[in-house]
Amino acid sequence: MKVTEHIKQANGKTLFSFEVIPPKKGMNIQDLYNNIDPLMEFNPPFIDVTTSREEFVFIDKGNGLLEKRITRMRPGTVGICASIMHKYKVDAIPHLLCGGFTKEETEYVLVDCHYLGIDNVVALRGDARKDEPYFVPTQGGNAYAIDLVRQIANLNKGRHLHDNDEEDHHYDFCVGVAGYPEKHMEAPSLTTDLKRLKEKVDAGADYVVTQMFFDNQKYFDFVKKAQEIGITVPIIPGIKPIAVKRHLQLLPQVFKIDLPQELIEAVEGCKDNKAVRQVGIEFAIAQSKELKAAGVPFLHYYSMGKSDNIKAIASALF
Ligand code: FAD
């Protein structure tokens with residue numbers, strides 16, 4: 001079922017959802033299930049599955065030379081979605097990236113999604129590859145998320161890439177896109193970034209999921225500004241509980257977000273990461289309660305592969 005239909009059916013009730021990361025290549029999928037299992041009692045209508053960008057590895061040729069090869073550390077997004085749907089009977093949503101995929105490859109992934117009965121996809125540009133200072137579009141791939149949204153919108157109209165005719169049988173994907181309450185790191189201003197978001201919605205996006213944020217006021221202001229420029233689709237807040245002391249540096253560095261002073265001081269006062277995890281849980285519960293009271297459609301949690309803290313938070317809310 002589409003995310004937008006889940007929201008309609010909930011009739012104003014806030015729902016629970018979360019994001020998982022595919023296991024590293026060679027790991028057992030049971031590890032993923034072990035983290036999903038404890039969260040199923042909170043009835044998530046959907047689970048998001050991320051996609052990671054390709055990376056370079058250097059293979060030792062044994063003759064003193066190294067060969068540069070491309071690899072994916074966490075492949076299997078669509079396969080994992082299929083197995084989640086099969087095992088848990090909930091919707092699973094693959095994240096699709098512009099980076100690392102040609103438009104043809106993307107079309108084939110979407111064909112697979114269609115055959116598997118996947119109703120939703122999240123369309124993202126992806127970050128720069130680790131060896132590149134900024135995002136460089138893949139040759140033959142989409143440059144911005146909006147191009148990917150357009151490709152999906154075309155398929156929804158029965159238009160494949162290289163066919164001239166519209167086909168009678170068309171797809172019907174519900175499309176999510178990313179939004180940034182504290183603006184995307186490359187955007188010159190929040191206003192410009194919001195305009196870009198509006199363009200994605202106008203191109204066919206049905207809902208927005210936000211980057212993590214720790215100050216609810218930033219989310220409320222973002223939603224208000226988005227509505228003022230005519231973005232009327234649901235904006236789902238993304239929540240990440242702080243779990244280790246290093247997050248104080250890592251999260252602002254990677255995601256270009258601010259942390260509230262009270263949270264920083266509470267984490268700094270912790271004697272170990274067990275205590276930090278508890279601080280993160282308590283902060284996320286308070287944050288989630290306020291968002292729920294404001295009537296958000298979903299509380300969407302970034303699990304980062306570990307679910308004990310998400311379970312503790314969900315237990316206080318659902
Ligand atoms: P875009 O919407 O394309 O925007 C990227 C930048 O370009 C923005 O600064 C925007 O303002 C600007 N821009 C947009 N259109 C134009 C234009 N026409 N001309 C000039 N500038 C423009 N990353 C992963 O690798 N895998 C994942 O699974 C993943 N999941 C995510 C889930 C969520 C909910 C979020 C919020 C992020 C996720 N990301 C993921 C990270 C995401 O890929 C990065 O934040 C990426 O840098 C931007 O992606 P985007 O889709 O927002 O890009």
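Trainee: How far is an oxygen atom of the ligand from an N or O atom in the side chain of His184?

Mentor: The separation is 2.8 Å between the ligand oxygen and the N or O atom in the His184 side chain. This is a predicted model, in which local features require pLDDT of at least 70 and side-chain atom pairs pLDDT 80 or more, while totals for chains, interfaces and linings use all residues. Residues are numbered from 1 along each chain as its sequence is written, and side-chain values use heavy atoms, without hydrogens or water.

The ligand has 21 residues around it, of which Thr51, Asp127, Tyr180, Asp193 and Lys200 come nearest (a residue is near if one of its heavy atoms lies within 4 Å). A polar backbone atom of Thr51 is 2.6 Å from a ligand nitrogen, and a polar side-chain atom of Asp193 is 2.7 Å from a ligand oxygen. The protein buries 85% of the 990 Å² that the ligand exposes when taken alone (Shrake-Rupley areas, 1.4 Å probe).

Strand E5 (91-97), helix H6 (190-203) and strand E8 (207-212) each give two or more residues to the shell; helices are DSSP runs (H or I) of at least four residues, and strands (E) of at least two. H6 contributes the most, with three residues. By class, the shell comprises nine nonpolar, six polar and six charged residues, where Asp, Glu, Lys and Arg count as charged, Ala, Val, Leu, Ile, Met, Phe, Trp, Tyr, Cys and Pro as nonpolar, and the others as polar.

Notes. Polar contact = N/O pair within 3.5 Å; in protein donor to acceptor, adjacent residues only side chain to side chain.
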